[in-house]
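Let's take a friendly walk through a protein model, one piece at a time. Keep the picture open and follow along as we go.

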Amino acid sequence: MRVRIEVERDSEAGEGAQSLFKWLSADPEVRAGAGLSPVRRAAAPGPMGPVLEAIEAVFDSGVQLASLVVAVAGWRSTRPRRDRVHLTRGDVRVTVDSGDPEAVARVLRALGEGGAPEAGSGGAPADRPGRQDQ
């Protein structure tokens, strides 16, 4: 199973994705279960090299997917600006905009089954965002 993780933010491009990559790499459950790879922007690099555009995660089971989604929700809750995180698997793209258990469950259902998540907070399709936690 392959999932692409993108961080949407208004400030420095790549800063949020870099922070999330470090967070996920330090999480023992994610690190043990998923292969994480940074995806660098192909355009002209900034003064410190290529900008991290996204993260690719590859794993075998739904348990590993659950660990990844919980870790992403945990990282997001530590961010002062509550960066929006989009997870894409195949043609399904969901937005992690809450870390509550119901929201995490909706994200997992959407990514695991390949269907669209229910309307509401936490697992809204990327083009129809759910409630933002402030």
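Here we start with the sheet, then turn to a helix and a single arginine. Keep in mind that this model is predicted.

Begin with the open sheet, whose five strands are arranged in the order β2-β3-β1-β4-β5 with antiparallel pairing. Its edges are formed by β2 (35-40) and β5 (92-96), each of which pairs on one side only. From one strand to the next, the twist averages 25°.

Now look at how the strands are joined. Strand β1 pairs with β3 in the antiparallel sense over four bridges, and Arg-4 has Glu-56 in β3 as its bridge partner. Five bridges also join β1 to β4, again antiparallel; here Glu-6 has His-86 in β4 as its bridge partner. Moving on, β4 and β5 run antiparallel and are joined by five bridges, with Val-92 in β5 as the bridge partner of Arg-89. Against this sheet packs helix α1 (residues 15-26), which touches β1 (2-8), β2, β3 (52-58) and β4. The direction of α1 makes about 30° with that of β3.

Finally, find Arg-79 in the loop between α3 (62-78) and β4 (84-89). Is Arg-79 buried or exposed? Arg-79 counts as buried because its relative accessibility is 15%, and buried means under 20%. The side chain of Arg-79 also makes a polar contact of 3.1 Å with the side chain of Ser-19.

Conventions: Residues are numbered from 1 along each chain as its sequence is written. This is a predicted model: local features need pLDDT of at least 70, side-chain atom pairs count only at pLDDT 80 or more; totals for chains, interfaces and linings use all residues. Side-chain values use heavy atoms; hydrogens and water are left out. Helices (H or I, at least four residues) and strands (E, at least two) are DSSP runs, numbered from the N terminus. Buried means under 20% relative accessible area, exposed over 50%, partly exposed in between (1.4 Å probe, protein chains only). A polar contact is a pair of N or O atoms within 3.5 Å; within protein, one must be able to donate a hydrogen and the other to accept it, and residues adjacent in sequence count only if both atoms are side-chain atoms. Two strands pair if DSSP finds at least two bridges between them. Axes are lines fitted to C-alpha atoms, for helices over the stretch in contact, and angles run from 0 to 180 degrees between N-to-C directions. Contact means heavy atoms within 4.5 Å.
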